[in-house]
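Me: I have a two-chain model open and would like to go through it step by step. Could you help me read it?

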Amino acid sequence: MSQQEEDFEVNLTGEEGQSEESKTRWFKRIKKGIQTSTAEKKEVPEGLWTKCPQCKYTCTMLELRENLFVCPQCNYHHRIESSEYFDILFDNKQYTLLFDNIVSKDFLGFTDLKPYHKRLEEVWKKTDLKDSIRFATGNVGGSGLVVGVMDFEFIGGSLGSVMGEKIARAVDYCLQHHLPLLIVSKSGGARMMESAFSLMQMAKTIGKLTQLADAKIPYISLMTDPTFGGVTASFAMMGDLNIAEPGALIGFAGPRVIKETIRKELPEGFQRSEFLLEHGFLDYIVDRKTLKERIAQSLMLFAH
Amino acid sequence: MATKDNRQFLEFEKPIKELYDQIAQLQHMAEKNPKVDYQASLQQLESQIQEKRKEITAHLTSWQRVQLSRHPERPYTSAYLKRMTTNFVELHGDRNVRDDKAMIGGFALLEGETVMFIGHQKGINTKMRQLRNFGMSNPEGYRKALRLMKLAEKFNKPVVTLIDTPGAYPGPEAEERGQGEAIARNIFEMMKLKVPVICVIIGEGASGGALGIGVGDRVFMMENTWYTVISPENCSSILWRSWDQKEKAAEELKLTSSDMSRFGLVDGIIPEPFGGAHWDYDQAAATLKTQLVQTIRELKRLTPEERIEQRISKFSQMGFYDELPA
Ligand SMILES: [Zn+2]
């Protein structure tokens with residue numbers, strides 16, 4: 001990911017680029033390590049040494065991966081992608097992707113520093129992702145679940161028409177198969193290049209969620225670092241359970257915008273999961289290491 | 001509405017200002033020379049002003065429409081309520097935190113029928129602008145709006161919302177009290193309101209702050225307003241990394257009433273007086289009132305279930321994407 005692209009995504013959330021290496025780029029680098037072919041791996045046996053951006057603890061890739069990308073020393077939750085969450089959640093890492101053939105389109109011919117369609121082509125080329133959210137279904141602790149997970153690497157996990165449509169179809173799928181829904185959010189907010197169409201996805205997704213609610217099918221919203229803007233102000237906050245990973249930045253306005261508004265520094269821990277829990281907007285905070293277990297437990301309680 | 005003496009003019013309204021200056025000069029001369037009849041010349045200038053107003057709104061850029069929507073003399077929610085309704089009783093507070101002055105609401109009679117009106121409210125002078133927080137609501141504003149909508153639903157009264165906000169307030173307390181949750185909750189509840197809901201953008205329709213009272217059976221835009229996901233200024237700052245591209249951003253965002261109506265993202269445009277609503281509050285309010293009365297009548301022909309189903313289905317169809325062969 002280019003520096004410019006990186007700035008753009010950081011900007012989306014109004015997040016400060018505090019660390020010398022941003023979280024997304026960091027993940028990109030370790031991801032490369034994971035995907036290195038076996039032959040290369042021998043040369044660098046579980047090769048890469050990685051350093052925690054929070055406590056500077058150094059460990060091998062293997063150790064970090066076995067720890068589900070959570071720092072063994074300080075519990076820092078690294079940003080991970082949809083495929084990692086699917087592996088963590090689904091029994092035997094088995095799942096079926098849903099609605100994977102829906103892709104973005106530059107309907108408005110939107111051009112900022114580059115045309116939107118160019119931006120899309122570049123991300124498609126650089127990643128194996130088709131858009132900023134992927135859906136899959138499979139078993140979690142023995143019972144069926146539909147799971148959507150955002151990929152921050154795809155234009156900051158932004159909410160556009162594709163994410164809206166996939167969520168709408170996921171709700172229909174849940175209604176049809178009577179399966180609960182889990183959405184793992186990680187997004188800077190709405191996709192500006194789709195202008196008002198992106199804004200309307202907030203209404204579209206929530207409209208569909210009212211149907212899920214009427215059918216009394218549980219919907220769990222898991223917020224991870226970062227979750228902002230139109231995602232927070234729509235389906236992410238409308239879970240039957242709103243839960244979050246520890247230390248995740250979650251809010252409506254980004255910290256940069258708030259700081260510019262009040263011209264003051266923000267208190268330590270502002271807009272972190274623990275802050276949201278304290279102010280009454282989360283049901284509980286869940287460690288990635290117990291995520292699967294906690295989700296299964298909550299679903300069991302809905303079912304019995 | 002400003003009197004002729006203290007009118008404020010935007011850059012592209014300057015030709016109108018010049019005509020007003022000429023009128024002032026003539027009037028001054030008329031005072032000095034009571035024997036000369038200036039009436040014909042004055043009338044000619046007045047009709048030139050009418051023509052100019054017409055001409056100006058015929059060729060506006062997107063950015064100029066944005067400027068009109070923010071015109072210092074533009075009518076706000078209470079100006080419309082005063083002209084469209086009688087017996088408006090303002091109802092205050094969210095019953096939880098406090099009364100948000102950036103969002104007002106209450107019952108009023110519209111053509112003899114009780115309607116719940118809710119709207120963002122901007123201030124008309126420096127002091128009031130601060131009191132009204134420039135039309136930027138905190139979560140308690142959205143929660144007050146929701147309380148009033150539920151009250152209307154209980155007594156089976158239609159809901160009309162008037163939208164005019166540069167955005168939901170981005171302050172630390174707003175975050176503490178769950179700005180995101182408040183907006184999301186309103187969208188959810190508005191989808192399911194059993195009574196007719198009509199939303200009208202009367203000025204600025206910025207992002208979630210607008211959508212937080214913007215889910216209805218019909219969504220209209222007044223002619224010289226804008227509605228999209230971000231203000232042109234903030235869009236410029238994020239995507240162009242500079243504050244100087246707001247005109248370009250406004251074009252790219254396609255945020256005007258004609259764009260939004262063409263895309264099917266709003267249900268119609270309500271025409272404004274030539275030159276913009278600020279030239280004639282009475283006429284602007286009369287046009288809006290006619291549209292509201294007619295639309296409420298139409299919506300009442302449907303059952304609550306039909307309205308809710310159509311509302312959800314309307315928003316469900318919004319979006320553009322490609323579907324690859326599976
Ligand atoms: Zn650490």
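Me: Which residue stands opposite B:Asp322 in β9(B)?
Reply: A:Val103 stands opposite B:Asp322, which belongs to β9(B). Helices (H or I, at least four residues) and strands (E, at least two) are DSSP runs, numbered from the N terminus. This is a predicted model, in which local features need pLDDT of at least 70, side-chain atom pairs count only at pLDDT 80 or more, and totals for chains, interfaces and linings use all residues. Residues are numbered from 1 along each chain as its sequence is written, while chains are lettered from A and ligands numbered from 1 in the order in which they are written.

Me: And how many bridges join β4(A) to β9 of chain B?
Reply: Two bridges join β4(A) to strand β9 (residues 322-323) of chain B, and the strands run antiparallel. Two strands pair if DSSP finds at least two bridges between them.

Me: How many residues does the contact take from each chain?
Reply: Chain A gives 53 residues and chain B gives 45 residues. Two residues are in contact if their C-beta atoms, placed from the backbone, lie within 7 Å.

Me: Which element has the largest share on the side of chain A?
Reply: That element is α8(A), with 15 residues of the side of chain A that touches chain B.

Me: Which helix of chain B does α8 of chain A cross, and at what angle?
Reply: Helix α8 (residues 195-214) of chain A and helix α14 (residues 304-316) of chain B have axes that come within 8 Å and cross at roughly 135°. Axes are lines fitted to C-alpha atoms, for helices over the stretch in contact, and angles run from 0 to 180 degrees between N-to-C directions. The two helices are therefore oblique to each other (under 35 degrees is roughly parallel, over 145 roughly antiparallel, 65 to 115 roughly perpendicular and the rest oblique).

Me: Which residues of α14(B) meet α8(A)?
Reply: B:Ile312, B:Phe315 and B:Ser316 do, and their partners in α8(A) include A:Met200 and A:Ala203.

Me: New topic: where is B:Asn133 found, and is it buried or exposed?
Reply: B:Asn133 is found in the loop between α5 (126-131) and α6 (139-154) of chain B. With 21 C-beta neighbours inside 10 Å, B:Asn133 counts as buried (20 or more other C-beta atoms within 10 Å; exposed is 12 or fewer, partly exposed in between, with C-beta atoms placed from the backbone). B:Asn133 has a positive phi of about 50° although it is not a glycine.

Me: Last one: which peptide bond is cis?
Reply: The bond from A:Asp225 to A:Pro226 is cis, with omega near -10°. A:Pro226 is found in strand β8 (residues 219-227) of chain A.
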